Amino acid sequence: MKRKLISALLALTMVISMTACGGGSGASGDSGSGDAAADDGGAAADAGTDAAADSGAGQEDAAPVEGGSADENTLTVWTWDPNFNIYAIQKAAEIYAQDHEGFKVEVSEVQSDDIETRLTTAVAAGDLSTLPDIFLMQDNSFQKYATNYPDIFTDLTSSGIDFSQFSSAKVAYSTLDGKNYGIPFDNGAVINCMRTDYLEEAGFTIDDFTDITWSDYMEKAKVVLEKTGQPILTSQAGSPDLIMMMLQSCGSSLFNEDGSVNIAGNEELKQMMDIYVQMVADGTLVEVTDWDQYIASLNNGTAVSALNGCWIMASITVAEDQSGKWAITNMPKLDGVSNATNYSNNGGSSWAISSNCQKVDLAIDFMNSTFAGSNALYDDVISKGALATWAPAGESEAYNESVEFFGNDAIYAKIVEFATHTPSNITGAYYYDARDAVGVALSNICQQGADIDSEIQTAQETVEFNMGG
Amino acid sequence: MSGSSKKGLTLQEKHGLTGWVFLTPAVLLICWTSFYPMIQAFILSLKTGMGVNLSFSGFSNYTRILKDPTFKQTLFNTFFYLIIQVPVMLVLALILASLLNNKQLRFKGLFRTCIFLPCATSLVSYAMIFRSLFANDGFVNTVLRGFGMNPIMWFANAWTARAVIIIALIWRWTGYNMVFYLSGLQNIEYSVYEAARIDGASPLQTFFKITVPLLKPTILLTTITSTNGTLQLFDESLNLTNGGPGKSTMTMSHYIYNTSFVQSPNFGYAAAMSIIILILVAILAILQMKVGDER
């Protein structure tokens, strides 16, 4: 009897713990991904992830609005970051409402990877009715979703939106098989933000870092380290952000045109890995544990510069006491690579209209008159650091204003110009698989002293394995 | 006899039926919320394809697991945590429980609460706190520097990163298991201990000859639940180290999550891996019950 009782108890606890674990891991996975978005900022690489981290904590109680709105003139939107994307869509709605009485958007703040998880879940459950009318998606994720779940998007190819007014590299992210699924929004042109006071101490000016090559950059970085004691760059350990930026700067990708993996035998990639590893060995590039520490290193002066998408400005300008001590220039380019440029891209996102949208005409007209047709909108959101990829916006007056924080330079016009020179890259459905594999290789090489060639080979095999199933 | 069959059921049958009526709602709920998804997961594990366009492919996902170096790595990591963390934690919990069971001890309630308290913290927040404690310029390294030692880059090396996860797990779960032991100890008559003391048994002898044998069912229970929990470890891997450096601290559940939501989704393969975890948990539980329950 006693034995029976014990086994019954055991069975019961196992059942309870299993169901409890099931429920528990689901919930914690949810909240976990929000946090991961914050510290994984590099990987997420979206416009202003940092601000997203700040705002993310306070809004857990508000469940996002699911599905469309009953009101004829209201569109529902999922996006993240109150200071950036949410601000922009609300501003757009305001502008649109001037000509369209009663128009409103109902915005729910959802972190970018939560949007992705929600989309995946909705498709897996076969119930798309939970999707909002409009949602924002990371450019890097766009191909993954367009390939796996084309059913969630409204095809915008013949919607009347003039995609030729956007930079072609940007439009390419949301285009699959000649079909346009997204309206490009912000720009992730890579900028090299440098502390001019440190440079001066080392005997340099910002011009010494403009239009240079990586070998030149690495030599100067050593001088800066010697004179100021600070590393020129900091990077989140295991994050392949820097490598991905270098790769795109010479128009190279982790995939070939035909979709096959281009990691092993990619000469540019190997050269970049060498640069990264050498800089870590020199002490001119210091790896930090997470995204928060990366931002801290910029704000508390333990890094001389930040090389990242232009949305990083939002985090740099937080340190108001450093006003006037920063300057912006382009990134170094690779030596001896024929297509190498001083320009690249990191992050940025595009708007999509879901297939669940019942008011497609309204949604398209709204997008066409704002994000694809309003100078007023882009002139306004530039104050938040959201740079347009819509070409006519770059000619506006607002883009020529000088910014005191960056030494009274007309940085916006500069960044828009950088963006026009940026080569395109191939993302594809397996972009994150490849990116992760490169990140793993990088961290094994830097932190565990593994051999570069064999790690690159392993990365190639990992991605091929993932694509094989 | 015909009379009793007209009346319907015998008393015993009635009792049996009442029992089943009470059991039915729970059984149905468990079937619906636990077993039905498990069967669905198994069916899913036999399918393959892009996104939701899945088709049956037999056991190809299972043969694929055998060829997956990442799965082997995560399997190794998970079993490494299991083999180091579970024994250390359970021994610690047992020691703490028998210390706190002492009738002469003052502020017992306070100590018990303090040791149990980590259990009340959220998995995500404690993982993030541990990450900042062990950061390059975090509290632990500050203390190390204070003692004149070199700071350790905890998350830069596979073994130190694994150590951090194990330390975090022990901190989080020791108190939880201690409570099981404490309640088990309440069921041991205090007179047994008194008799042992009168007979001249040392505290160590009392511990090994009385406490451990009498607590055996509880020890078995905590071993099984801890094993189960460790094999499904997820939050710490994701939030504390994010699997890094490389994939050297990634657990199986974390890899399953990545396969479904981070990488290009492959739900069939992810389901196959979760079925493997289920089988592993079941095998280990059966082994432990065979070893632990000798009657």
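**Exercise 1.** Find which residues of chain B the UniProt record lists as "transmembrane region", then work out how much helix the predicted model has over residues 20–43 and over residues 113–134.

*Solution.* Start with the record: the unreviewed UniProt entry gives residues 20–43, 79–101, 113–134, 154–173 and 267–287 of chain B. Next, take residues 20–43 of chain B: that stretch is 100% helix and 0% strand, and its end C-alpha atoms sit 30 Å apart. Then do residues 113–134 of chain B: here you get 68% helix and 0% strand, with 25 Å between the end C-alpha atoms.

**Exercise 2.** Describe how helix 11 and helix 17 of chain A pack.

*Solution.* Two packed helices are described by the angle between their axes and the distance between those axes. For helix 11 (residues 267–282) and helix 17 (residues 431–448) of chain A, the angle is about 35 degrees and the axes are 10 Å apart. Now the handedness: this crossing of helix 11 and helix 17 is right-handed. Who's touching whom? From helix 11 of chain A come A:Met273, A:Tyr276, A:Val277 and A:Val280, and they meet A:Leu442, A:Ile445 and A:Cys446 of helix 17. Sort the contact by class and you have seven nonpolar, no polar and no charged residues.

Technical notes
Residues numbered from 1 in each chain as written. Chains lettered and ligands numbered in written order. Predicted model: local features only at pLDDT ≥ 70, side-chain atom pairs only at ≥ 80, totals over all residues. Axes fitted to C-alpha atoms, helices over the stretch in contact; angles between N-to-C directions. Helix = DSSP H or I, 4+ residues; strand = E, 2+ residues; numbered from the N terminus. Left-handed = near helix turned anticlockwise from the far one by under 90°. Contact = placed C-beta atoms within 7 Å. Nonpolar A, V, L, I, M, F, W, Y, C, P; charged D, E, K, R; others polar. UniProt positions renumbered as here; feature names shortened; annotations may be inferred.
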